[in-house]
Amino acid sequence: MSLRTRLILTFSLVVFLSLFIAAAVVAVILQSTRTKNATAQLEKMALPIYIQFRSLVSGQSTLAEVWTNLQEQAQSNNVYIILVDNDGNIVRQISPKKNQFTLNIQEYGLPHDLSGETSGSFETTAGIKYLYVAYPVIRAPLTSPIAAARLNTLILAIPRSGLMAVWTGLAGPFLWSGIFSLIISIVIAIFLARSIYKPIQRLSGTVGLVARGQYNQKVPVEGVKELQTLAVSFNDMSAKIQESQQHLRQFVADTSHQLKSPLTSIHGFAESILDGTAADEATRSKAIQIIADESRRMIRQVNELLDLSRMQAGQMKMVREPFNLRIILDQCAEIFALRLQEKNLHLVNNSEYSLPVSGDADRLEDVVCNLLDNAIKNTPPMGEICLSGSRHGINVEIVISDSGPGIPPEQLPYVFQRFQQSAGLRGGSGLGLAIAREIVLAHQGKIEVASEPGKGARFTVTLPATN
């Protein structure tokens with residue numbers, strides 16, 4: 001069963017149940033109201049009958065005259081009249097119609113020995129309920145034939161409409177109103193189901209396209225709030241899948257590009273050893289050394305590519321702990337001290353004593369070391385490299401500048417992209433600055449570069465400071 005059909009059936013069932021409950025409540029309320037009205041009308045009708053009966057009893061009327069009068073009153077008012085004695089036994093029953101069976105009432109259950117007017121209801125052995133009004137009979141003269149009959153209480157009764165009778169009376173109006181309401185509700189349900197079903201149908205179709213590899217799919221954000229939230233979540237998921245696939249394709253392309261050169265070298269020198277081109281021991285040793293060097297370069301490049309891909313996909317976990325960044329800057333300066341000496345370069349470290357940040361100390365050390373490595377590579381002998389760390393309000397700023405040839409202006413926007421190498425002295429795998437940028441971004445920071453040809457390059461890293 002489709003979602004649309006279920007929504008329509010559910011809505012129709014709710015309407016049907018609502019009508020049924022409303023009919024039941026109305027029937028109960030209506031029955032109670034009708035009972036109250038019937039009792040009030042019975043009391044109003046019974047009072048003249050009682051007054052006339054009392055006058056007959058107090059006079060010299062015979063029993064036959066009393067019965068005849070009561071029969072006329074019963075017929076004219078369509079009411080049952082019952083007379084009981086002092087013990088509650090039925091003395092006489094008078095039906096509103098001639099030749100009609102009298103009520104089969106359990107004796108001793110009727111009111112008697114009353115001090116005043118009373119009302120209530122009783123039930124026959126057949127289960128039919130009656131409303132009654134009862135009056136005490138005044139004492140008749142001892143010589144009256146009424147006194148011999150021991151009449152004690154006059155009861156006037158009418159049948160009470162049962163709940164089923166009320167239901168029967170309401171069946172017609174409620175049936176037609178129910179049919180009309182059901183038709184209207186089905187029409188509304190169709191439009192409501194359409195407003196819910198159509199966005200889900202579009203979403204289902206779009207999911208199928210994504211499953212077939214068409215990742216640049218989006219669904220309109222429309223419908224009820226829950227469907228809008230679902231559409232937004234789906235669009236976010238689709239964008240992330242597309243980004244992930246782009247990273248995967250880029251990773252494959254980058255890997256192929258980077259590994260092509262070392263693989264070519266390894267293959268060429270391995271062939272030279274196999275086919276005897278490298279005949280002497282020195283040539284073979286050189287070929288083996290090149291193969292070993294290129295293999296290590298391949299491993300390093302693959303590891304860098306994997307790290308960069310994990311960072312860009314948000315899968316690289318960064319440690320979050322507070323530390324003093326000044327310690328990292330001093331460690332990096334010590335690591336490169338020998339290379340600086342070999343190349344006859346001067347490093348100026350103008351860093352403040354306290355640079356509190358929170359993050360992954362090892363990863364941030366990789367950033368500083370990468371920038372220092374680039375600065376050393378691109379600074380000619382007798383040159384100077386400046387390293388400084390300072391706090392500016394809520395941020396900590398690291399600046400590494402060199403006195404090398406600088407970066408051409410047209411290449412500055414692409415410095416932090418994969419395999420982007422500037423002209424001149426800059427070299428390496430082309431992944432270091434891209435990795436450094438991802439690490440800084442993961443720490444909610446930013447990295448910038450400024451350079452003029454012939455005046456060196458200046459890299460600035462800005463990180464959030466901690467208290």
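Biologist: Why is helix H10 said to be largely enclosed by the rest of the structure?
Modeller: Because 8 of the 11 residues of H10, residues 432-442, are buried. Buried is under 20% relative accessible area, exposed is over 50% and partly exposed is in between, with a 1.4 Å probe and protein chains only. Helices are DSSP runs of H or I with at least four residues, strands are E runs of at least two, and both are numbered from the N terminus.

Biologist: What should I know about the model?
Modeller: It is a predicted model, so local features need pLDDT of at least 70 and side-chain atom pairs count only at pLDDT 80 or more, while totals for chains, interfaces and linings use all residues. Residues are numbered from 1 along each chain as its sequence is written, and side-chain values use heavy atoms, with hydrogens and water left out.

Biologist: Which residues of H10 are buried?
Modeller: Gly-432, Leu-433, Ala-434, Ile-435, Ala-436, Glu-438, Ile-439 and Val-440.

Biologist: And what follows H10?
Modeller: Gln-444, with a positive phi near 60°.

Biologist: New topic. How many cavities of 30 Å³ or more are there in the whole structure?
Modeller: The search finds 2. A cavity is a set of points on a 1 Å grid over the protein atoms alone where a 1.4 Å probe fits but cannot get out, and lining residues have an atom within 4 Å of a point. Points are joined across faces, edges and corners, and the volume is the space filled by probe spheres set on them.

Biologist: What volume does the largest cavity have, and what lines it?
Modeller: The largest cavity holds about 90 Å³. Its lining is Pro-199, Ile-200, Arg-202, Leu-203, Val-219, Pro-220, Glu-222, Leu-227, Leu-230 and Ala-231. Helices H4 (163-211) and H5 (225-274) are the elements that give two or more residues to this lining, and H4 gives the most, with 4.

Biologist: What is the lining by class?
Modeller: 8 nonpolar, no polar and 2 charged residues. Nonpolar covers Ala, Val, Leu, Ile, Met, Phe, Trp, Tyr, Cys and Pro; charged covers Asp, Glu, Lys and Arg; the others, Gly among them, are polar.

Biologist: What about the second largest cavity?
Modeller: Its volume is about 30 Å³. Leu-364, Val-367, Val-368, Ile-398, Val-461 and Leu-463 line it. Helix H9 (361-377) and strand E12 (457-464) each give two or more of those residues; H9 gives the most, with 3. This lining has 6 nonpolar, no polar and no charged residues.

Biologist: Back to H4. Where does Ile-179 stand on accessibility?
Modeller: Ile-179 is in helix H4. Its relative accessibility is 38%, so it counts as partly exposed. The C-alpha atoms of Ile-179 and Phe-16 are separated by 9.3 Å, and the two residues are 163 residues apart along the chain.

How values were computed:
1 Å grid on protein atoms, 1.4 Å probe; cavity = no way out; pocket = protein on both sides within 12 Å on 5 of 7 lines; lining within 4 Å.
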